[in-house]
Amino acid sequence: MKRTMLATALLLVMLTSAVEAGMIDRVCAFVDNDAITLSELMHTYNKTKGKIPNITKEEVLNTMINRILLKRAALSMKIVGTDEDKIIAEYIDLKVRSYVIIKEEDVEDFYNKHRKDFGGATVSEVRADIEKLLIEQDVNARLTALLSELRKQAYVKIQAE
Amino acid sequence: MSSSGLLLNRIKCALTAAACALFMICAQGAGAQSASIAVTKITVTGLSRITEKEFLYMFGIKEGETIDAETISKGIKTAFLKGCFNDIKVYADGGIVSVEVLERPVIDSVVVDVAGPLSSKKIKAIFTLKEDGEFYNALIEPAVAELKRTLTNKGLPDAKIKYEILKGKKPAGVIVALTVDEGQPLIIKRVVIDAPDNHAADEIKGILNIKEGDAYDKDEIDSQIEKAKELMIKKLLYFNPAISGGVYDNATGTLTINVNPGKKLVLTFKGNDKLSEGELKKEMPFVEYGSVNEDTIEEAIASIETLYHKNGFINVNVDYEKQDKQNEIELLFTITEGRQYTLSDIVFTGTAVSSEKLSEAMPSKKDAPYNPDIDEDDETAITDLLQNEGYQSAAVKSYTPQIDEAKNSVTLRIEIYEGNRIIIKDIQVEGNSEVAAEKIIAASDIKVGRPYVETEMFNARQTTLAYLTHQGYADADVKFAIQGDTSDKTLILHVSEGKRYSFGDTIVRGNVRTNWEVFRRVLKHTKGQPLNMALAYEEMRELYKTSLFTSVNVSAVDSGDGVKDIVFDVSEADAGTIDYGIGYGDYEKLRGFFEVKYINLQGMDRQIAFKSRLSQVSRNLSLTYDEPWFLGYKLPFNATLLYERKEQRNIDSGEVLYRTEKYSSSVGVGMNFTEKLKGVLSYEVSFTNTWDVQPDAVLTTEDTGTLVISSIVPSLIYDSRDNPFNPTSGILTGTTLKVASKALFSQANFAKLSGYVNYYHGLSKGLILAMSLKTGVGQGWANTVDMPIIERFFLGGSTTVRGYSQDGLGPKGSSGDPTGGNAYLMGSSEMRISVIDNFGVVTFLDCGDVWPKISDYSLSGLKYTTGMGLRYMTAAGPIRLDYGYKLNRAVNEGTGRFYFSIGQAF
């Protein structure tokens, strides 16, 4: 994992340094026939950095790739709409959230493992919070797996020369 | 904050960061803003797969325009959709914009070096990477793994595959070089059928086409097993066979197939006088369910009863007897059919709608067998009809069959509740902001004063939606509602227009040979025009019509700001074709043709064809060139070079009437006025040598020797036939004028006008009336009195007046040889009857005559023939055998003759 991140970061360093004199724009990554241009990346990075200061260009680019994959998968399922965020969210609800089930024993197991961190609160007092947390954990794990599968089915390339 | 809250927050922060990395970022927007550039020049480098013109169309930037970073980013993204680039870099130096593209590699060829039983052709067919397909490194390993899996399944488990990616001849091309050592194939040395008894084993072995000595091909064996299962059910009457296995033992080469055929089902029916055993067996569910138990037998009985009810046997009774034996199950159905009842009358009460109209709508029909199982269908049909008349609350109050045992008949008494009839007294539109209410109402095509009918409302909604969609409101929705307390209601059209979209750029993918210009000609939509997908689909149909593609798909891709780019995905057809064939005709005897055609010359939809037609009386060689867009306009252009050598013979005596050798060339431009009406203007020059002309057929000095004819030929054709080879409806009509004059450097001066009308009409299924009327007149001037023999009209033969020999009708010389004439008229009418499958019968009446001069033209002396013919339909048209009988033949003239050829007479 660390090696992959290092390689991607290295690619991005090469990529941004590969902006030659006089170059206005280029394709910095693509998913099959959908291109992400360098100007788009920089624009999205600057905009996102205002809200999430620690975010890196690498994360933004990967996120842009993920959004293309998710939107494309949503459209192939005939999920339509004018707002890209809503299309993606609906797809995630359908393909990810609807499969998430948190059992009572999962809540209790989590509580027991972190009992000392709850400062004496009973399981019934923190059940709702633990449930939310476990749901998000499961959604993220499933989403990561789904994106990995979608990436396998597509031709994704981050440009480096 | 409590410690539990801190823990949860800490974990939530980590999850949020993870989610951000996955997809939760700010929505993508426009690219970074930068200073604008006034473009003075654009250069593009690195292109080989498409033209610069196509690239710049997609890129959307022109010299003279002022652009910014957003325009460039959008241009890159649009051009990238084409699917043939890996990178597009844009540079600017003052007003000079330079674009550098890096194309995605394409597979020039797949080269296979193979050692083993399977040929390189077979390996290429199995290999998933194909020539002209796109290539990137991630594709090769899965393709090789798939090839390895397939070879293993084909009995080559030791196959070794190596590959190498070489640079191709084209700039972006690669060659995939495979080296396949297939190793020793697994051979089936012994086939063991593991069945409960030898008899069953022998039966299965008989239908499985697997022999000892065959290579072990798992896919083929699986397919054989499936086929065997089907045959066991259909031919051997096992109703639930199981075959599994196909297990191969590497050590001994033994293939073991486990078979459990189960039992055979012997079905017997008793008491079925009115329905055949075959009809009843079709209803049996046992094979479908794979079991014979109480449930399936009950279902079989219900099916039998339903079939009898359908035929009017309302009191049918079915019993069964089942005997379970060691190898078979015997099932006997005993049927007591009872009496057959007919529906004698249907009486309606409580409605103003006519009984005829209601009866027509019902599945139950007067004077047909009475079926008690369709009462609900009848009620639904009545209710639907009344609702369509505006009676929205209509219902069937009672549905009573009255049986008359004496007459074996049933009278249906149906009492109806109509309710109020709802009439639309006003139409209002709500929710519209951009499209005028009047336009929406007009699009819906609903009229005030009409009854409110659900089905009409459904159709009106569709047409309204189509109208809004065509105006660019792709997300529009319309809901209909009625308001009002009385039977007079106001119809409310609730409209949600949604965003208005417009056409963006157009991208074509998949065209390797076809030039961008071919697509540009077809595209009717323009950038910025309201999005209308119906127009895009029309363009898709136009592309299909070129015959250059085996598939064309169109889709809209959102490119932001209410703009949708249109993407056409095409698969190109083979551009080169070779056709050949042989045939036989009673006049030409043995004949054959050979044709080589290329339909996409220079990728511009231009066609070049060489055709050769040979028979025992003629030789014909031609080279034609067709250009669908002449000088950039949609004017089909044609140029032809022709060589023809022909002998005109008397079919009975074999005597040659004359011989000709002709060299000609023609050029013509057409115009399609409508889809069915087209005009053509041609210029034609021919050098014809005519010799061995029977002396009594010579009318002018131009009938023998070399003759140059230079002519202008305008013509007009209207064609509404449904099928040119075997029409069943429509009209084909046309007229042609040929003017040859010394002013055009012609040796003969004449004008020749011909016209024809062919009419086809289907009278009923399998019965077609076909009629034809043809006429022509010609006149020479200056030194030409009669038209030359090669231009004169002749009649008689398989496609004109049947019963007469080829050219045997009309004026004759002193020795009885036909001379042809300057005027003719002929008519034909045929009744084309389809008998069974591809066989048909034709009866016909033909008439016509040829006259030496136009002034001789007369309807009084026409010769009539009648006859019959047989037809056998083939893909190339019907094979035809006709006999024509002369109705008003001259003294000492034969009675008629047979004709054998391909194609309808007209």
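I took axes as lines fitted to C-alpha atoms, for helices over the stretch in contact, with angles from 0 to 180 degrees between N-to-C directions. The model is predicted, so I kept local features at pLDDT of at least 70 and side-chain atom pairs at pLDDT 80 or more, with totals for chains, interfaces and linings using all residues. Residues are numbered from 1 along each chain, chains are lettered from A in the order written, and side-chain values use heavy atoms without hydrogens and water.

Entry 1, chain A. I looked up helix α3 (residues 57–76) against helix α6 (residues 123–153); they pack at about 80°, axes 10 Å apart. Helices here are DSSP runs of H or I, at least four residues, and strands are E runs of at least two, numbered from the N terminus. The pair is therefore roughly perpendicular (65 to 115 degrees). Contact (heavy atoms within 4.5 Å) involves, among others, I65(A) and L69(A) of α3(A) and L146(A) and L150(A) of α6(A).

I then checked helix α5 (residues 104–113) against α6(A): the axes come within 9 Å and cross at roughly 105°. This pair, too, is therefore roughly perpendicular. Among the residues in contact are F110(A) and Y111(A) of α5(A) and I130(A) and L134(A) of α6(A).

Entry 3, chain B. I noted that strands β24 (576–585), β25 (589–601), β26 (606–615) and β27 (618–627) each supply at least two residues of a nonpolar patch. β25(B) gives the most, 3 residues. I also placed Y598(B) in strand β25 of chain B.

Key:
Angles under 35 degrees count as roughly parallel, over 145 as roughly antiparallel, 65 to 115 as roughly perpendicular and the rest as oblique.
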